[in-house]
Amino acid sequence: MKRIFIVGSINTDFVISAPYMPSGGETLAGSGFFTARGGKGANQAVAASRLGGNVKMCGCVGDDLFGTESVKAFQAEGVDVSHVRTVTGVSTGTAVIVVTGGENRIILDAGANACLTKTDIDVFLRDARAGDVYLTQLENPIDVVGYGLRRAKEKGMLVLLNPAPANVAVLEYLQYCDWIIPNETELEILGGADKILAETQANLIVTLGEKGYKIVTKNGESVYPCMQITAVDTTAAGDTLCGGMAARLADGDGVEAAAAFGSKAATLACTKKGAQPSIPTEKEVEKYSE
């Protein structure tokens with residue numbers, strides 16, 4: 001199995017359910033408040049590890065309790081944390097998540113995630129080899145994310161980008177990607193599939209929510225349905241798909257098989273609350289039947 005190198009954000013999530021989103025000045029009674037570890041990078045690292053991958057994580061946390069607990073949580077999941085850097089005098093990234101009708105609304109404070117540097121990337125990739133999997137997202141400084149994509153490509157790694165939250169500043173770096181994994185909204189913000197396929201060598205896996213996902217290449221596109229469930233919380237569903245894909249690609253699966261496995265894992269993640277608490281294990285995915 002190839003190794004999986006993940007660069008990304010590390011957050012603590014503050015989650016509450018509400019019957020609807022309040023208007024300005026309105027106080028609304030919510031329920032089910034809890035905290036959980038999150039951040040797209042951290043979610044994907046935990047997902048890739050639980051789903052069978054050999055994972056190394058690169059990111060930044062603050063010198064606070066949330067940062068300490070995040071590192072301990074990675075270690076408990078079997079994730080290599082030797083490149084998770086603690087930044088003095090900065091808080092760990094946070095996300096406030098309001099869940100309404102099974103959908104989530106998220107407000108982010110980047111905190112230490114904004115402190116990731118190109119030097120962190122260089123040190124992280126020092127022992128990376130051709131064929132290893134590189135996975136990243138957009139909750140760190142875009143120039144650093146782009147630098148990481150270029151360095152990973154130069155090393156001959158299989159480069160995956162989850163362009164979330166969508167940011168057009170990443171467009172100049174898409175040329176370094178092998179696979180880009182957006183949802184429909186993110187794809188639209190980046191200019192659409194035709195533009196990306198015409199201007200880069202990357203292929204696309206576009207997540208479609210409850211409709212499944214589609215694989216888009218220069219040879220055309222194919223749509224694949226997902227399992228039908230009653231969603232409890234969609235937080236980290238996309239991250240679970242990305243992590244599951246990375247795990248299977250690192251194990252030698254083709255893209256279609258890897259995407260199908262990731263989609264199944266993502267569907268299961270929607271049946272539980274929270275980001276990392278909802279991510280299933282490899283055994284749970286394999287045992288699940290419709």
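Predicted model: local features only at pLDDT ≥ 70, side-chain atom pairs only at ≥ 80, totals over all residues.
## Helix 7: length and cover

Helix 7 has 14 residues. At 1.5 Å a residue, that helix should span 20 Å.

Is helix 7 mostly covered or mostly uncovered? It is mostly covered, with 13 of its 14 residues buried. Just past the helix comes G252, which takes a positive phi of about 105°.

## The nonpolar cores

The largest nonpolar core holds 44 residues. Which of them touch the most other members? They are I4, I6, M57, F74, V84 and I205. Helix 7, residues 237-250, gives this core its largest share, eight residues.

Another core lies apart from the largest one. It has 37 residues, including L174, L187, L197 and V206.

## The largest pocket

The largest pocket has a volume of about 1,300 Å³. Its lining counts 48 residues. Closest to the centre are N104, N183, T234, A237 and G238.

What classes of residue make up the lining? There are 21 nonpolar, 18 polar and nine charged residues.

Notes. Residues numbered from 1 in each chain as written. Heavy atoms only, no water. Core = buried A, V, L, I, M, F, W, Y, C linked by side-chain atoms within 4.5 Å. Buried < 20%, exposed > 50% of the residue type's maximum accessible area, 1.4 Å probe, protein only. Helix = DSSP H or I, 4+ residues; strand = E, 2+ residues; numbered from the N terminus. Expected span 1.5 Å × (residues − 1). 1 Å grid on protein atoms, 1.4 Å probe; cavity = no way out; pocket = protein on both sides within 12 Å on 5 of 7 lines; lining within 4 Å. Points joined across faces, edges and corners; volume = space filled by probe spheres on them. Nonpolar A, V, L, I, M, F, W, Y, C, P; charged D, E, K, R; others polar.
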